[in-house]
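Student: I would like to go through the assignments in this model one by one, and to hear for each of them how the value compares with the criterion behind the word.

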Amino acid sequence: MSHEAGWAHAPGALRGPAWLTPPADPDALVPHLWSQTAHKVDGELHVGGLAVPELVANVNTPAYVLDEADFRSRARAFRDAFSAYDVFYAGKAFLCTAVAAWVAEEGLSLDVCSNGELTVALRAGFDPARIGYHGNNKSLMELRRAVDAGVGRIVVDSFDEIERLVSITSDGLTAKVMVRVTAGVEAHTHEYIATAHEDQKFGFSISSGDAFEAVRRIEEAPGIELLGLHSHIGSQIFDSSGFEVAARRVLALQARISAELGVTLPEMDLGGGFGIAYTTQDDPADPAQLATEMSKIVEHECRALGIPEPRLSIEPGRAIVGPAMCTVYTVGTVKRVQLDGGAVRTYVSVDGGMSDNIRTALYDADYSCTVASRSSDAAPVLARVVGKHCEAGDIVVKDEFLPGDVRPGDLVAVPGTGAYCRSMASNYNHALRPPVVAVRDGVARVVVRRETEDDLLATDMGDQ
């Protein structure tokens, strides 16, 4: 949502959107925005039993702080709520070998969508039979590696990919696949993360007949075992209405496949995309509520169609890792800028930005933040937290109330940065990507180290 419509200019004042209000207690955190162990003590943020100022003194800033207990708790919540399902953690949200190990230990399967993610999973010792492989343009090499590794399911996304798999399985190998279908659902989210409408790159369209044709070709192909249909409607979804429409259309296709091809598909994947709270205006459903609603939808539709219920699977990523991580920055510059009508906007510049969190610039995403290193009695001011990159759009937090005495050297922590921040981080302006520090029970360990200048120059071959 764009906040600019909510601005009201008055001499010397700048008001944000209606939902954003000054905190009653600057030392209190809004619990559903933060990981479960996060709290403040005399103004200092603590996560995983450690004071954040002490933590970052050892690793510097910016740094991603990952609450291991929170991650594991959310993984278990999905596993237990969806106990009749297969729960695949969507590794694209954030993946490293430590996280892959946590996912395995908590009894979840793992979804990857690139050769690199598969490499990390295999390095972590993840059972290939519990790995699903996504991607709209998987190469012959990638498919062959997945088949050779024994990946449990490959989500097929095009007719070209079917032909590539046939060239592999013709040698006597076997590939287990699901067909990704486009259900034509307009998810209520940003257009870049809505993935079930017709005009986009993913999947086989149900309405055009391509999805049915894909199933027909796979059924005739040697060595390819069809497990079922896969549907993903988008990301940052807060209600089950989109899933209901998608499930109805996918199950109708499944009934047609049964009637016309005589094939009963044993599985169906409803994807992921479950939303999290980035600001106080977000109200995500808990896993138990989602499980109840989604199960009822599938049960009702299968009964109406007269087909057996398939074994279901889902793919939460953001909903597990998103709230488990925060990003900590150091304030470098505070600038108060005069606007029209005498209003003032306070710009708080930090030592990171769009290289460690592209989502604000890319998706117009909203975030919250807090001063993490001290208490303050100063009256709050509406601030904009920005990065240090050479882009006017280098914004981390568009609107937030911070203490009026916010100053260089303060630490600012942004919650909800576990999903798609480190995984989409870049070296823009030759920035070094930050470390990921896992914390648990008062112990910190670096699970992804900070890049160095040597890393930056390693691929630069010079003037040869």
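Student: How many salt bridges does a search of the whole structure find?

Tutor: The search finds 30 salt bridges, where the term stands for a side-chain nitrogen of Lys or Arg within 4 Å of a carboxyl oxygen of Asp or Glu. This is a predicted model, in which local features need pLDDT of at least 70 and side-chain atom pairs count only at pLDDT 80 or more, whereas totals for chains, interfaces and linings use all residues. Residues are numbered from 1 along each chain as its sequence is written, and side-chain values use heavy atoms, with hydrogens and water left out.

Student: What makes R440 and E68 a salt bridge?

Tutor: Their closest N and O atoms are 3.0 Å apart, and the criterion asks for a nitrogen within 4 Å of a carboxyl oxygen, so the pair qualifies. R440 belongs to strand β22 (residues 436-440) and E68 to helix α2 (residues 68-81), so the contact ties together parts that are 372 residues apart in sequence; helices (H or I, at least four residues) and strands (E, at least two) are DSSP runs, numbered from the N terminus.

Student: Why is E68 called buried, and what is R440 called?

Tutor: Buried means under 20% relative accessible area, exposed over 50%, and partly exposed in between, with a 1.4 Å probe and protein chains only. E68 has 8% relative accessibility and therefore counts as buried, while R440, at 35%, counts as partly exposed.

Student: How do you know that E106 and R79 form a salt bridge?

Tutor: The closest N and O atoms of E106 and R79 are 3.9 Å apart, which is within the 4 Å of the criterion. E106 lies in the loop between α3 (97-105) and β8 (109-112) and R79 in helix α2, so this pair ties together parts that are 27 residues apart in sequence. E106 is buried, with a relative accessible area of 7%, and R79 is partly exposed, with 28%. Both residues belong to a network of salt bridges that also includes E68 and R440.

Student: Why is the pair of Y278 and Y367 called edge-to-face?

Tutor: Rings of Phe, Tyr and Trp (its six-membered ring) pair if their centres lie within 6.5 Å, and planes under 30 degrees apart count as stacked, over 60 as edge-to-face and the rest as tilted. The ring centres of Y278 and Y367 are 5.1 Å apart and the planes stand at 70 degrees, so the pair is edge-to-face. Y278, with a relative accessible area of 4%, is buried, and Y367 is buried with 2%.

Student: What makes R153 a charge over the ring of F88?

Tutor: A charge sits over a ring if NZ of Lys or CZ of Arg is within 6 Å of the ring centre and within 35 degrees of the ring normal. R153 lies over the face of F88, at 3.8 Å from the ring centre, and R256 lies over the face of F212, at 3.7 Å from the ring centre.

Student: How do you know that β3 and β4 pair?

Tutor: Two strands pair if DSSP finds at least two bridges between them, and 3 bridges join β3 to β4 (residues 44-47), which run antiparallel.
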